[in-house]
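The exercises below treat cavities, helix packing and aromatic pairs in turn. Please work through each task before reading its solution.

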Amino acid sequence: MAGDSTPATGKTHPSGSMEVKERQKWGVSASDVVSHFGTSGMSVAAATAITHPLDVLKVRLQMQLVGQRGPLVGMGRLSLQVVESEGLKSLYLGLAPSLMRSVLYGGLRLGLYEPSKYLCELAFESTNILVKIASGAFSGAVATALTNPVEVLKVRMQMNTRSSLGPIHEMRRIASEEGVRALWKGVGPAMARAATLTASQLATYDESKQALIKYTPLEEGFHLHFISSTIAGSVSTVMTAPMDMVKTRLMLQRESNCAGLYRNGLHCAYQVLRSEGPSGLYKGGFAIFARLAPQTMITFVLCEKLRGLAGLKAI
């Protein structure tokens, strides 16, 4: 660990100081790669399937009163309106691309964190909080850059209730009508959001676990993972809500009849602040928390369990 020059023994010092772990090489065999990315992708996909209706409501809330100030419909009232006017199945619009993205994005986002942290440890001989933040930011940004087309497809399908096309046909339609570049709309704020989300989630989760192990009787297991992931979910919601809103607005410019209104992420944030006020950046904030907090808990608790079954060490 950072700042500890004592030879690694893999045991905790009697004085109760920070645990000194034996340096281990991150597995690079094919089975290790499959295990790391597979457990990550499966846990994120399971969490996404459970919380998807909240994601649909979040997108709808973020698209309220675009460019205007005024009273906003709350999540409870909106959910009733959506179910009454569009049916219960509308809460699962875009589920297919959402699950597809979860496996790819989740596998990359969580799967790249550990090897990134290991490389930083080799380069800087430290695993302090800054290294964890940098590792999380890198893995989140890379994962989003590669999977942004699926995210665009997901939010388009969540808003377009009249389309009967499947995900593949919808993606072809977007590419043919708007060009292939349209599949990377909002990639800048999406990468910023993913970098912030992953850095805040994983660094907070990692540090929370260490602090709880050090200062409480908790040990590796469900209760430790549950409490640590709850803390991580709360922190990441506060950090990423404005970027999530900007990303959604950019991806849905065409659908919201405001094409060309936003030139980029910074311009979008400025326009929202000017026309809708600071609270505009937190539209759908409660829905984000209601979705992200349980999603984070499910993801980490399940991921830790799957890693244990796969013979991998805890995150």
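Helices (H or I, at least four residues) and strands (E, at least two) are DSSP runs, numbered from the N terminus. This is a predicted model, in which local features need pLDDT of at least 70 and side-chain atom pairs count only at pLDDT 80 or more, while totals for chains, interfaces and linings use all residues. Residues are numbered from 1 along each chain as its sequence is written, and side-chain values use heavy atoms, with hydrogens and water left out.

**Exercise 1.** Determine which helices each supply at least two residues of the lining of the second largest cavity.

Solution. On a 1 Å grid over the protein atoms alone, a cavity is a set of points where a 1.4 Å probe fits but cannot get out, and lining residues have an atom within 4 Å of a point. The lining consists of Arg101, Thr144, Thr147, Asn148, Glu151, Ala190, Arg193 and Lys247. The largest share, four residues, belongs to helix 5. By class, the lining has one nonpolar, three polar and four charged residues; here Ala, Val, Leu, Ile, Met, Phe, Trp, Tyr, Cys and Pro count as nonpolar, Asp, Glu, Lys and Arg as charged, and the others, Gly among them, as polar. The volume of this cavity is about 60 Å³, where a volume is the space filled by probe spheres set on the points, which are joined across faces, edges and corners.

**Exercise 2.** Are helix 8 and helix 9 roughly parallel or roughly perpendicular to each other?

Solution. The axes, which are lines fitted to C-alpha atoms over the stretch in contact, have angles that run from 0 to 180 degrees between N-to-C directions. Helix 8 and helix 9 (residues 265-276) pack at about 105°, with their axes 10 Å apart. Angles under 35 degrees count as roughly parallel, over 145 as roughly antiparallel, 65 to 115 as roughly perpendicular and the rest as oblique. Helix 8 and helix 9 are therefore roughly perpendicular.

**Exercise 3.** Explain why the pair of Tyr205 and Phe300 is described as stacked.

Solution. Rings of Phe, Tyr and Trp (its six-membered ring) pair if their centres lie within 6.5 Å; planes under 30 degrees apart count as stacked, over 60 as edge-to-face and the rest as tilted. The whole structure holds two aromatic pairs. In the pair of Tyr205 and Phe300, the ring centres are 4.1 Å apart and the planes lie at 5°, so the pair is stacked. Because Tyr205 lies in helix 7 and Phe300 in helix 10, the pair ties together parts that are 95 residues apart in sequence.

Methods:
1 Å grid on protein atoms, 1.4 Å probe; cavity = no way out; pocket = protein on both sides within 12 Å on 5 of 7 lines; lining within 4 Å.
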